[in-house]
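Got your viewer open and ready? Let's take a walk through this protein, one selection at a time.

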Amino acid sequence: MMTLEETMLALEYIYPGCERVLDDQNIIWLDSRPYPTETELQNALYQAQLEKAKRDKLAIIESLCEAKMEEGMPWDFNGVTEVIQTRPQDKVNLLGIAIEARHLDTLGHTDVFTPLRVESNVEYPITPQEGVAITSAALQHIVDKYKRCWLLKDDVRDATTLEAVENATWYEGPLPRPK
């Protein structure tokens, strides 16, 4: 048996803006459309709960995706693992370094060093070739994080059950993800 709150949610799902009032814990149906059957109410309640679960999970995913971008990308600098920052605001800096590094590399400069500041605030002098390698990897890292976010969002949007929404998780395997 559905609670009054569940019944109201189901009615609003079936007939948005339907006319009804509450009187001593009973629904008085004022709408000109036929009152739904118990099965229709149960189905509508489930669909309403599914849509709410999807909205809630997508909001959580937005925060998760932001956190994943904040993690950055590990990079080895002669035996020292540092983190290359890959937040949205870092992308402009990465693109600038990439352009400069490619330009210097095209000109054949191998002895020019550009400073690269990492998450720990340490600056590393990098050659144009290292700049190309680091920025290419970092930009691909960002693309991969976005792809993983989209996969998770698609899993939630495509879910047809509450269990599928609940079980949708971040994919860490190789891209593209196997079907």
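Which residues make a nonpolar surface patch of about 230 Å²? Select Val-21, Ile-28 and Leu-30, and you have it. Patch members have over 30% relative accessible area and no salt bridge, with like charges joined within 9 Å and nonpolar side chains (Val, Leu, Ile, Met, Phe, Trp, Tyr) within 5 Å. A salt bridge, by the way, is a side-chain nitrogen of Lys or Arg within 4 Å of a carboxyl oxygen of Asp or Glu. Accessible areas come from the Shrake-Rupley method with a 1.4 Å probe, and for residues only the protein chains shown count as cover.

Before moving on, note that this is a predicted model: local features need pLDDT of at least 70, side-chain atom pairs count only at pLDDT 80 or more, and totals for chains, interfaces and linings use all residues. Residues are numbered from 1 along each chain as its sequence is written, and side-chain values use heavy atoms, leaving out hydrogens and water.

Stay with Ile-28 for a moment. This residue sits in strand E2, residues 26-29 (helices, H or I with at least four residues, and strands, E with at least two, are DSSP runs numbered from the N terminus). Ile-28 is partly exposed, at 36% relative accessible area (buried means under 20%, exposed over 50%, partly exposed in between, with a 1.4 Å probe and protein chains only).

Next, click on Asp-31, in the loop between E2 and H2. Is Asp-31 buried or exposed? Its relative accessibility is 10%, so Asp-31 counts as buried. Show side chains here: the one of Asp-31 makes a polar contact with the side chain of Arg-33, at 2.6 Å. (A polar contact is a pair of N or O atoms within 3.5 Å; within protein, one must be able to donate a hydrogen and the other to accept it, and residues adjacent in sequence count only if both atoms are side-chain atoms.) Setting aside neighbours within four places in sequence, Asp-31 is also in contact with Cys-18 and Glu-19 (contact means heavy atoms within 4.5 Å). Cys-18 is buried as well, at 6% relative accessibility.

Now go to helix H1, residues 4-14, and pick Met-8. Not counting residues up to four places away in sequence, Met-8 touches Arg-20, Leu-22 and Ile-27. Thr-7 is in helix H1 too, and it is buried at 10% relative accessible area. With neighbours within four places left aside, Thr-7 is in contact with Met-2, Ile-27, Tyr-35 and Leu-41.

Asn-78 lies in the loop between strand E3 (73-77) and strand E4 (80-84). At 81% relative accessibility, Asn-78 is exposed, and its phi is near 50 degrees, a positive value in a residue other than glycine. Asn-121 also has a positive phi, about 70 degrees, without being a glycine.

Which two cysteines does a disulfide join? Select Cys-65 and Cys-149, with 2.2 Å from S to S. Cys-65 is in helix H2 (residues 38-70) and Cys-149 in helix H4 (residues 128-158), so the pair ties together parts that are 84 residues apart in sequence. A search of the whole structure finds one disulfide, meaning a pair of cysteine sulfur atoms within 2.5 Å.

Last stop: Leu-175 and Pro-176, joined by a cis peptide bond with omega about -5 degrees.
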